[in-house]
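Reader: I am new to this structure and would like a close look at one part of it. Could you take me through the disulfide bonding, and then through the aromatic rings for context?

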Amino acid sequence: MPFRKVVAACAVWLTAGVTQAADEVVVYSSRIDELIKPVFDAYTQQTGVSVKFITDKEAPLMARIKAEGANTPADLLITVDAGNLWQAEQMGILQPMQSAIIDQNIPSQYRSSTGRWTGLTLRARTVAYAPDRVSEDELSTYEALAGPEWEGRLCLRTAKKVYNQSLTATLIEAHGAAKTEEILAGWVRNLSTTVFPDDNAVLQAIDAGQCDVGIVNTYYYGRMHKQNPDLGVKLFWPNQDDRGVHVNLSGVGLTQHAPHPEAAKALVEWMTGPDAQALFAGINQEYPANPSVPASAEVASWGQFKADTIPVEVAGRRQAEAIKMMDRVGWN
């Protein structure tokens, strides 16, 4: 499957038969150029190690690594959502990356239990609401949005995207299948309109009065609010009296046949440290995965919250179950 974007600097090493230099790392990334290039440029400036990368959607990138096998030029895979990282692990395209530095920098709930990937940045999938139509006192939990008081007032993104699949997976882990299916059915009953293709559309619908509440990733809100400070939408942190807000991540794994595993590990160790964490998270209005690094001023202004402590790899382990359940309740 052809890549949508190929960075010009990568043209040489993509040519058959060319050997990688020992002082470079090659990254396949589903995160777009403008989010990762400043981070890699900073690393090169500090260390002299060149970071070459290509970007595409996660599915073709993982398929490419699988097809390339032992001949892959890729040292690292960067992608979003623990569900995708878990899938890469199940495909056999990642290997364990043992590092005391990474283990110290990133909490265990944001790392693979097998050591095959680690989180880099975090995003909360939380409740967005219209403050002119909804009081914070009316809001409490994800589960409560299935109640009759929200009939015709809820907006959701499509179930075909991994973010909602991961949220559903963690609900199954917390409540069991039967209870979670009741919750999802209630959400579907309460929809004000058909599901939207992305979180931006959910936020726009709330702002326009199509619905009063929705569930979105925080960085979508951050981008939109930065462009429009008068956006008529606020964030609410649900489940603060029980398990906490659902948090997911972007992360990185070492490929099974990485040509330069030690150089790649050194890059990941640096990316989990203070300078890179602040830079990487700040660019996309995300939270650093390293808890010792503060969020940007914009992100911090949204307020603090208690995060769910369920290990994020549950999102992958229960993904198939979640997809089937969403289909059964008519969440398209």
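Author: The model is a predicted one, and a search of the whole structure finds 1 disulfide. Because the torsion about the S-S bond of Cys 155 and Cys 211 is about -110 degrees, the disulfide is left-handed. Cys 155 belongs to strand S7 (residues 154-155), while Cys 211 sits in the loop between helix H8 (199-208) and strand S8 (213-217), so the pair ties together parts that are 56 residues apart in sequence. Cys 155 is buried, with a relative accessible area of 1%, and Cys 211 also counts as buried, at 1% relative accessibility.

As for the rings, the count comes to 8 aromatic pairs. One of them joins Phe 40 and Phe 53 in a tilted arrangement, with 5.5 Å from centre to centre and 55 degrees between the planes. This pair links distant parts of the chain, since Phe 40 is in helix H2 (residues 33-47) and Phe 53 is in strand S3 (residues 50-55), 13 residues apart. Phe 40 counts as buried at 2% relative accessibility, and Phe 53 is buried with a relative accessible area of 5%. Elsewhere, ring pairs connect Tyr 221, Trp 237, Tyr 287, Trp 302 and Phe 305 into a cluster. Finally, Arg 223 lies over the face of Tyr 220, at 5.5 Å from the ring centre.

Conventions: Residues numbered from 1 in each chain as written. Predicted model: local features only at pLDDT ≥ 70, side-chain atom pairs only at ≥ 80, totals over all residues. Heavy atoms only, no water. Disulfide = S-S within 2.5 Å. Helix = DSSP H or I, 4+ residues; strand = E, 2+ residues; numbered from the N terminus. Buried < 20%, exposed > 50% of the residue type's maximum accessible area, 1.4 Å probe, protein only. Phe/Tyr/Trp six-rings, centres within 6.5 Å; stacked < 30°, edge-to-face > 60°. Lys NZ or Arg CZ within 6 Å of the ring centre and 35° of its normal.
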